Amino acid sequence: MSMSFEFATATRIIFGEGAVKQVAPAARKWCSRVLMVTGHDPERTARLRAELDAAGAQCLPFAVEGEPTVDLIARGVQQAREERCEVVVAIGGGSVLDAGKAIAALLANPGEVLDYLEVVGKGNALQNPAAPFIAVPTTAGTGTEVTRNAVLAVPARKVKASLRSPFLLPRLAVVDPELTQGLPPAITARTGLDALTQLIEAYVSIRSNPVTDGFCVQGIPLAPRSLRRAFHQGNDAEARRDMSLAALFSGLALANAGLGVVHGFAAPLGGRFPAPHGAVCAAILPHGIEINLRALRARAPQSPALGRYQEVARMLTGRPEATAEDAIVWTREICRELEIPPLKTYGIGKQHVPELIAEAARASSMKGNPLVLTPDELGEVLELSIVGF
Ligand SMILES: [Zn+2]
């Protein structure tokens, strides 16, 4: 059997406690006017702004409240142009980083966001590399600091869609676990379980390759080792470091190996319901594994994904004799312990199932799933996730 693959990531990645100090000198090398994309709480970024000032860079703040929409991106681009900013620094959670990525891309390209957006837009390819973009995550979850897409909401159509291009890969990713110290337990839980979901889905993906496998095998054991501790003891430096690393590895893997049924559902659900991405993924994860395993045993008993799920179960439980099905039990138990609510909490009900399974089947995130699930199987995954564990 022949093998060929490709691997692409951010130009440069700096990881470590205190790494955030390297953002200002790096930004200053590119220009003296920086658009600084942040979350709603500017206090969290005061230190970085002071460092940029001290380095001689003019810092123009741009706040992202909630999830980024196409209109918000247009406003960000306009502000960056008016203020003559040539570099974009984004410091925050996944939504803030995605907003920064999209603003940096549009700053260097003609036209508007919808010209380049997948599915609901024209889907044109970006013509020019994005403006220099520095991603500084303050949560440990999406891995978007090393991926090539930005998820944007189009409220008028009640959907989310991706801007996707190799030009979206950040010029610099600065992953400083200290920035995640003291994150509230609920955010720690859902972002950590998002990272774990991404690692598992990339590992069993039909598009996995030896490079992404390396990140998954290194990353998956970090969750059983440290996610509970990060949740219960939010200032445990070692646990925070492990989870920042797990999130980084999940981004490196998913951007090159793709994802599966859990993220296939997370895409349409995120567009229609006000549910946090990581919480949706966590609520679906045990059921996605369960139905995938049953379908693989019935229709593709030779699939290498079965052995991979067994490896996942061994890494999660630490037991060499674990079976693939033990991965269902382990993920269900951690969802209970970390208080992940079922999907019905967000107003998702049986009446939404037919539409959601049709959209999930078309979602680009579904493409790595180890086999094609039938509409009945997709419906089962969703119905189980609505009810709970
Ligand atoms: Zn995710």
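What share of the 389 residues of the chain count as buried? The share is 58%. The model is predicted, and its chain holds 15 helices and eight strands.

**Overall form**

- The radius of gyration of the chain is 20 Å, which agrees with the value near 21 Å that a compact globule of 389 residues would have.
- Along the principal axes, the C-alpha atoms fill a box of roughly 60 × 45 × 45 Å.
- Contacts between residues at least 6 apart in sequence were sorted by separation, and 78% of them join residues at least 24 apart.

**Surface and charge**

- About 15800 Å² of the chain is accessible surface, and carbon and sulfur atoms account for 53% of that area.
- Positive side chains number 39 and negative side chains number 39.
- The centres of these two charge sets lie 2 Å apart.

**Nonpolar cores**

- In soluble globular proteins, nonpolar side chains tend to be buried together.
- The largest nonpolar core in this chain consists of 79 residues.
- Leu193, Ile220, Phe265, Leu269, Leu343 and Leu382 have the most contacts inside that core.
- Helix α11, spanning residues 277–299, supplies the largest share of this core, with 12 residues.
- Leaving aside residues up to four places away in sequence, Leu343 touches Leu269, Val280, Ala283, Ile284, Ile348, Leu382, Ser385 and Ile386.
- Another core, of 37 residues, lies apart from the largest one, and its members include Ile103, Leu126, Ala150 and Ala161.

**Residues with positive phi**

- Most residues other than glycine have a negative phi.
- Lys158, which is not a glycine, has a positive phi of about 55 degrees.
- The loop between β6 (149–154) and β7 (159–164) contains Lys158.
- Lys158 counts as exposed because its relative accessibility is 58%, and the cut-off for exposed is over 50%.
- Glu339 is likewise a residue other than glycine with a positive phi, near 60 degrees.
- Glu339 sits in the loop that runs between α13 (326–337) and α14 (353–362).
- The relative accessibility of Glu339 is 62%, so Glu339 counts as exposed.

Conventions
Residues numbered from 1 in each chain as written. Predicted model: local features only at pLDDT ≥ 70, side-chain atom pairs only at ≥ 80, totals over all residues. Heavy atoms only, no water. Helix = DSSP H or I, 4+ residues; strand = E, 2+ residues; numbered from the N terminus. Rg over C-alpha atoms; globule rule 2.2 N^0.38 Å. Buried < 20%, exposed > 50% of the residue type's maximum accessible area, 1.4 Å probe, protein only. Contact = heavy atoms within 4.5 Å. Areas by Shrake-Rupley, 256 points an atom, 1.4 Å probe, with all protein chains shown as cover. Lys, Arg positive; Asp, Glu negative; His and termini not counted. Charge placed at Lys NZ, Arg CZ, Asp CG, Glu CD. Core = buried A, V, L, I, M, F, W, Y, C linked by side-chain atoms within 4.5 Å.
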